[in-house]
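Visitor: I have a sequence and a fold on my screen. Could you walk me through them, one question at a time?

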Amino acid sequence: MITTPIQTTGYNERQIRLLEYLDNQVKTGKNFFKSKFIARDTGMSSKEVGTNMGLLAESCTKFSIQKYSYSNSTTWLITASQV
């Protein structure tokens, strides 16, 4: 799989951390992620994850980020964009 580098211009430190996390996880075929587990793995709070994932959903071109469901924590559907 050919990966494109993450464009970090215009993103804050937490958003960059989330993009790097997603870049590593999507490579292994994972597509659904719960905010509480992302928070645990990245050292952020679930609220920080939710806020920043919402912003990335609007601006990130490397991934398609969609709020998928809520059950005990927000679940995100992440797919790599076809570039």
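What follows is a short exchange on the fold, its sheet, its helices and a few residues.

Visitor: Which elements does the chain hold, and in what order do they run from the N terminus?
Guide: Bear in mind that this is a predicted model. The secondary structure amounts to three helices and three strands. From the N terminus on, the order is α-β-α-α-β-β.

Visitor: What is the order of the strands in the open sheet?
Guide: The sheet has three strands, paired antiparallel. β1 (32-34) and β2 (63-70) each have a single partner strand, so both stand at the edges, with one side left without a neighbour in the sheet. The order is therefore β1-β3-β2.

Visitor: By how many degrees are neighbouring strands of this sheet turned against each other on average?
Guide: The sheet in question is the open one, with order β1-β3-β2. Direction is ignored for this angle.

Visitor: How many bridges join β1 to β3?
Guide: The two strands run antiparallel, with β3 covering residues 74-80. Phe33 stands opposite Trp76 in β3. Lys34 has Thr75 as its bridge partner there. The number of bridges joining β1 to β3 is three.

Visitor: And how many bridges join β2 to β3?
Guide: These strands are antiparallel too. Phe63 has Ala80 as its bridge partner in β3. Ile65 is bridged to Ile78. The number of bridges joining β2 to β3 is seven.

Visitor: Which residue in the turn between β2 and β3 has a positive phi?
Guide: β2 and β3 form a hairpin. Three residues lie between the two strands.

Visitor: Is β3 mostly covered or mostly open, and how many of its residues are buried?
Guide: Take Thr74, which lies in this strand. Its relative accessibility is 17%, and the cut-off for buried is under 20%, so Thr74 counts as buried. β3 is mostly covered, and of its seven residues the number buried is five.

Visitor: Which residues does Thr74 touch, leaving out those up to four places away in sequence?
Guide: Thr74 sits in β3. Residues up to four places away in sequence are not counted. The residues that Thr74 touches are Phe33, Lys34, Ser35, Lys67 and Ser69.

Visitor: Which strands does helix α1 lie across?
Guide: α1 covers residues 13-26. The helix runs at about 90 degrees to β2. The strands it lies across are β1, β2 and β3.

Visitor: Which strands does α3 touch?
Guide: α3 covers residues 46-59 and packs on the sheet. Its direction makes about 35 degrees with that of β3. The strands touched by α3 are β2 and β3.

Visitor: How far does α3 reach from its first C-alpha to its last?
Guide: The helix has 14 residues. At 1.5 Å a residue, 20 Å is expected. The model comes close to that, with a reach of 20 Å.

Visitor: Why do the buried residues of α3 lie on the same side, and what arc do they cover?
Guide: The buried residues in α3 are Val49, Asn52, Met53 and Leu56. They lie on the same side of α3 because the arc they cover around the axis is only 110 degrees.

Visitor: Which exposed residues does the other face of α3 carry?
Guide: The buried residues of α3 pack against α1, α2 (35-42), β2 and β3. The face in question is turned away from that buried side. The exposed residues there are Lys47 and Glu58.

Visitor: What separates the C-alpha atoms of Arg17 and Gly43?
Guide: Arg17 has its place in α1 and is partly exposed, with a relative accessible area of 26%. Not counting residues up to four places away in sequence, Arg17 touches Thr42, Gly43 and Met44. Arg17 and Gly43 are 26 residues apart along the chain, and their C-alpha atoms are separated by 9.6 Å.

Visitor: What percentage of the residues in the chain is buried?
Guide: The accessible surface comes to about 5300 Å², and carbon and sulfur atoms account for 49% of that. The chain has 83 residues, and the buried part is 35%.

How values were computed:
Residues are numbered from 1 along each chain as its sequence is written. This is a predicted model: local features need pLDDT of at least 70, side-chain atom pairs count only at pLDDT 80 or more; totals for chains, interfaces and linings use all residues. Side-chain values use heavy atoms; hydrogens and water are left out. Two strands pair if DSSP finds at least two bridges between them. Helices (H or I, at least four residues) and strands (E, at least two) are DSSP runs, numbered from the N terminus. Axes are lines fitted to C-alpha atoms, for helices over the stretch in contact, and angles run from 0 to 180 degrees between N-to-C directions. Contact means heavy atoms within 4.5 Å. Buried means under 20% relative accessible area, exposed over 50%, partly exposed in between (1.4 Å probe, protein chains only). Accessible areas come from the Shrake-Rupley method with a 1.4 Å probe; for residues, only the protein chains shown count as cover. The expected span of a helix is 1.5 Å times one less than its number of residues. The arc is that of the directions from the helix axis to the C-beta atoms.
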